[in-house]
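Keep the viewer open and try each task before you read its solution.

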Amino acid sequence: MARVGVFVCHCGENIARTVDCPGVAAAAANLPGVVTTVDYKYMCSDPGQQQIKKAIDEFRLTGVVVGACSPRMHEPTFRKVAAEAGLNPYLLEMANLREHCSWVHDDRAAATAKAIDLVRIMVEKVKRNRALSPIRVPIEPTALVVGGGIAGIQAALDIANGGKKVILVEKTPSIGGHMARLSETFPTLDCSQCILTPRMVEVAGHPNVTLLPYSEIESVKGFVGNFEVTVRRKARYVDPSKCTGCGDCWAKCPVKKLPNEFDAALGVRTAIYRPFPQAVPNKPVIDAAHCIMLTKGKCGACAKVCQREAINFQDADELMKVKVGAVVLATGFELWNHSNYGEYGAGKLADVVDGFAFERLASASGPTGGEIRRPSDGAIPKTVVFVQCCGSRDPKAGKGYCSKICCMYTAKHAMLYRHKVHDGRAVVFYMDIRAAGKGYEEFVRRAVEVDGAEYFRGRVSRIYRTPGGKLVVRGADTLAGRPVTIEADLVVLADAVVPRAGSDKLAQMFGVGYDGDGFYSEAHPKLRPVETAAAGVMLAGACQAPKDIPDTVSQASAAASKVLSLFARPELEREPVIARVTQATCVHCRACIGACPYGAIEDREIRDRKGNLVKTVANVNEGLCQGCGTCAAVCRSNTIELDGFTDEQVFAEIAALARV
Amino acid sequence: MNTIGYYPGCSLHGGGRELDMSIRAISVVAGVVLKEIDDWSCCGATAAHSLNHDLAVSLPQRVLALAEAQGFRQVLAPCAACFSRLKGTHVRLQRSEALAQKTRRITGLEYRGTLEIVNVVEYANRLLTDGLDRKLSQPLRGLKVAAYYGCLLSRGEGIIENEDPEDPKGMDAVLRASGVEVVPWSHSIECCGAGFSMSLTDAVLDLSRDILAQAQAAGAQAIVTGCPMCHSNLDMRQQKINSRGLGSFDMPIMYLSELIGLAAGLTPESLGLDRHFVDAMRVAGRNR
């Protein structure tokens with residue numbers, strides 16, 4: 001005979017505001033099989049948990065129903081409580097009185113009636129639950145880090161220093177990401193390359209790190225602890241084991257005028273190139289789309305000059321399979337394309353540039369050697385206008401969100417410009433200054449008070465070029481309440497931060513969600529900010545939301561610690577909610593095998609003692625089954641049941657609802 | 001599209017006569033019959049929408065209802081302000097059944113929303129794709145023009161379609177087909193002063209001066225517009241801008257349809273070029 005306990009949580013005011021919780025408990029007491037009911041303000045708190053434990057013990061409960069929040073929130077909490085009290089955790093069910101009831105209804109009487117229904121359904125279900133034991137699967141203690149910017153580098157280093165193997169995959173020929181392109185970093189103005197490049201070298205040389213530059217994720221199979229990832233290693237056309245990075249090849253390459261992506265297209269590069277002198281690995285690749293040999297079949301200047309015979313025009317992409325137990329996605333960001341703003345010149349004005357272009361102009365390793373010179377004619381600009389929120393906080397034509405980093409880097413740009421051009425004028429247009437961070441507000445004040453940047457609170461409505469080459473910037477000074485027109489030599493737009501192109505495809509491969517703007521979704525915005533809804537896949541850096549370097553590094557270390565805590569266990573406990581085949585009734589129609597999205601069902605031959613084949617049946621691989629229930633739905637002979645969601649349980653739930 | 005409804009509005013019977021003449025002339029060349037909407041009335045610009053919201057919608061609704069009842073599928077409103085009022089009302093009535101009911105009550109006429117309302121830039125592009133380009137036998141080679149849209153031909157959500165309001169391009173194809181060179185410039189959507197021509201003339205002089213100055217600096221020999229209001233501010237006020245010492249301009253202001261007509265070999269007089277304040281006959285290679 002079942003003995004069920006019902007525990008109704010008020011969730012503070014969250015449930016109690018619209019649901020009469022004591023009333024629900026009283027009604028539940030009359031349900032067949034229910035032997036005790038309790039209602040309490042915070043069932044998940046320690047006193048609440050103690051009440052459940054006490055009741056399990058006192059009433060020798062065979063099932064527990066907790067009427068509270070979503071099982072996604074606290075089912076693990078309460079199942080742990082049941083286990084501690086000696087009850088199999090899978091004999092506990094949750095009735096969702098918050099998300100499914102109190103939060104979505106206003107009418108108290110109707111909401112209370114619905115809450116009683118939800119509890120009754122779960123009581124009927126739990127009476128038919130059976131004890132399940134967790135499935136244990138081994139963990140492959142190797143991590144995959146996707147993206148070799150500062151986020152990926154930091155995560156890889158932390159995991160590697162924790163003693164676990166890391167595979168670091170980077171799409172471009174070198175690691176370093178955007179940070180390698182920056183001149184100096186706020187709020188301390190330390191040189192970006194000086195703090196980053198040692199880490200690039202460290203991660204590449206780390207005995208626990210396998211670096212796969214110029215590679216992309218092709219496909220992903222498996223699940224937490226046991227991912228099987230296929231990596232496309234793009235053809236480099238240069239054998240890195242032979243190449244010494246001497247530079248003879250790019251000195252001889254006749255294709256010399258390709259825009260250098262690293263320098264925001266302000267500088268040029270050759271077809272065989274390394275992205276920048278401090279690149280890691282410091283070995284070139286051939287840009288197949290522009291190499292004369294690879295496009296027209298003749299030239300080979302680089303091969304002739306290479307004494308190590310490292311050039312291989314026959315090189316082709318390779319697919320490489322790796323087994324990993326956890327993944328850190330660190331794919332970063334790019335800048336929104338301001339050519340969408342016709343009023344700012346639609347991207348056609350050479351001297352209207354984005355923040356990265358200014359970084360390269362200000363960088364000692366940049367195309368101008370650190371002198372601020374404008375792109376059109378190389379002149380040193382005497383007036384530079386910086387426009388914040390270009391595409392940010394503009395839901396109509398751009399993005400609705402704040403890009404977070406622009407206030408700070410614009411202040412830095414204004415400062416760097418004034419340090420380099422003493423008689424120059426730095427003008428900043430802003431909507432609001434959002435300088436929340438350690439030393440950030442002080443930094444902005446310094447730009448204004450010490451370095452003399454002129455700040456105008458207002459939007460820029462138009463930027464155009466006069467035939468004389470001046471840029472006219474028209475905007476508003478909303479504090480003074482008048483329009484402002486400034487003749488500038490260079491305009492720097494703080495374009496919105498957007499996720500990397502193609503990051504949506506990558507997210508789909510890993511089963512990670514993303515928001516309407518394409519940023520990856522964390523498992524919980526407050527309490528699980530580095531994990532994703534896909535178990536074993538963590539996030540680091542600006543792929544999740546616009547972030548500056550300190551926040552990115554913090555999150556990368558957090559992601560690494562999540563990976564290390566996962567790897568600290570030899571095996572993983574998995575929910576035992578999986579499909580089971582009743583071999584006696586299976587007719588081996590193979591419908592389930594075709595339907596399973598995880599390839600978790602296979603044939604099994606049943607033989608007698610003499611080894612003669614008796615029959616072939618479907619068999620579920622416990623390690624691969626995700627418990628989605630597709631096979632149970634397609635099974636023609638009702639042979640497959642999903643543990644925890646058997647036909648008997650589901651029909652009992654429906655019947656409980658229909659009985660009223 | 002062989003016969004379409006024609007809504008001249010007040011300006012094409014008055015200050016914008018050249019627009020009327022040139023539109024009618026190129027329509028003849030293109031084989032399109034313009035049939036004036038019978039019993040048309042004021043579109044409501046600009047006085048009505050500054051003073052009374054109901055009137056601002058009811059006046060255009062009456063025109064649209066008449067056109068619909070007279071069996072038209074398309075209505076050409078060459079004046080940019082008329083177009084903006086008619087199309088804007090069409091859009092608003094589509095979006096609000098309550099407003100549709102209210103205007104029905106006021107005018108006693110029903111508008112079902114079946115009309116397609118076309119402005120001068122759209123009309124020119126359509127004529128072009130329907131074969132007018134083959135009839136442009138005398139392209140105006142060597143003429144540099146600045147394409148000027150102003151506000152009414154560049155903006156209005158749902159009114160101006162398929163156009164970047166901050167960087168419109170609608171005239172480019174037509175102008176290229178007419179043989180002229182379109183210079184890149186900065187002031188294609190700047191305000192000319194519009195309806196303040198009478199009440200705040202000084203502001204209009206300043207604003208129109210900026211437009212003329214930028215067009216001149218960009219190397220344009222003429223400014224092309226599709227709006228009678230812009231035309232009158234830039235053409236009629238040009239002399240006053242000069243006499244006030246704000247500049248010394250001698251910039252012909254052309255309607256888009258006038259350039260098409262010239263390229264089609266029509267006489268400048270038939271297009272109304274001899275009616276401009278600033279000499280426009282030179283664009284046709286003729287002395288005034």
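## Exercise 1: the domains of chain B

Chain B is divided into domain 1 (3–120) and domain 2 (137–284). Bear in mind throughout that this is a predicted model.

**Solution.** 
- Step 1. To the contact, domain 1 of chain B gives 22 residues and domain 2 of chain B gives 25 residues.
- Step 2. On the side of domain 1 of chain B that touches domain 2 of chain B, the elements giving two or more residues are helix 2 (17–30) and helix 5 (80–95) of chain B. Helix 2 of chain B supplies the largest share of that side, with 9 residues.
- Step 3. Sorted by class, this side of domain 1 of chain B holds 11 nonpolar, 8 polar and 3 charged residues.

## Exercise 2: an arginine in a loop

**Solution.** 
- Step 1. Look in the loop between helix 10 (228–236) and helix 11 (238–243) of chain B, where B:R237 is found.
- Step 2. Now look for partners along the chain. Leaving out residues up to four places away in sequence, B:R237 touches B:V204, B:L205 and B:S208. From B:R237 to B:L205 the C-alpha to C-alpha distance is 7.0 Å, although the two are 32 residues apart in sequence.

## Exercise 3: chain A and its core

**Task.** Build up a picture of chain A, from its secondary structure to the members of the largest nonpolar core.

**Solution.** 
- Step 1. Chain A has 17 helices and 34 strands, and its C-alpha trace spans about 90 × 75 × 40 Å along the principal axes.
- Step 2. Of the 660 residues in chain A, 47% are buried.
- Step 3. The largest nonpolar core has 123 residues, and those touching the most other members are A:V145, A:A155, A:A156, A:V328 and A:V491. Helix 11 (residues 406–420) of chain A contributes the largest share of this core, 9 residues.
- Step 4. Zoom in on A:A156: not counting residues up to four places away in sequence, A:A156 touches A:V145, A:V166, A:L168, A:V203 and A:V209.
- Step 5. A second, separate core has 97 residues, including B:A25, B:L66, B:A177 and B:L262.

## Exercise 4: two crossing helices

**Task.** How do helix 11 of chain A and helix 12 of chain A cross, and at roughly what angle?

**Solution.** 
- Step 1. The axes of helix 11 of chain A and helix 12 (residues 440–449) of chain A come within 9 Å and cross at roughly 35°. This crossing is left-handed.
- Step 2. From helix 11 of chain A, the residues A:C407, A:M408, A:A411, A:A414 and A:M415 meet A:Y440, A:F443, A:V444 and A:A447 of helix 12 of chain A.
- Step 3. By class, the contact between helix 11 of chain A and helix 12 of chain A has 9 nonpolar residues, no polar and no charged.

## Exercise 5: between the chains

**Task.** How many residues of chain B are in contact with chain A?

**Solution.** 
- Step 1. The contact joins 6 residues of chain B to 8 residues of chain A.
- Step 2. The side of chain B that touches chain A has 2 nonpolar, 1 polar and 3 charged residues.

Note on methods
Residues are numbered from 1 along each chain as its sequence is written. Chains are lettered from A and ligands numbered from 1 in the order in which they are written. This is a predicted model: local features need pLDDT of at least 70, side-chain atom pairs count only at pLDDT 80 or more; totals for chains, interfaces and linings use all residues. A nonpolar core is a set of buried Ala, Val, Leu, Ile, Met, Phe, Trp, Tyr and Cys residues joined through C-beta atoms within 7 Å. A residue is buried if 20 or more other C-beta atoms lie within 10 Å of its own, exposed if 12 or fewer, and partly exposed in between; C-beta atoms are placed from the backbone. Helices (H or I, at least four residues) and strands (E, at least two) are DSSP runs, numbered from the N terminus. Two residues are in contact if their C-beta atoms, placed from the backbone, lie within 7 Å. Axes are lines fitted to C-alpha atoms, for helices over the stretch in contact, and angles run from 0 to 180 degrees between N-to-C directions. A crossing is left-handed if the near helix is turned anticlockwise from the far one by less than a right angle, and right-handed if clockwise. Ala, Val, Leu, Ile, Met, Phe, Trp, Tyr, Cys and Pro count as nonpolar, Asp, Glu, Lys and Arg as charged, and the others, Gly among them, as polar. Domain bounds come from an automatic or database domain assignment.
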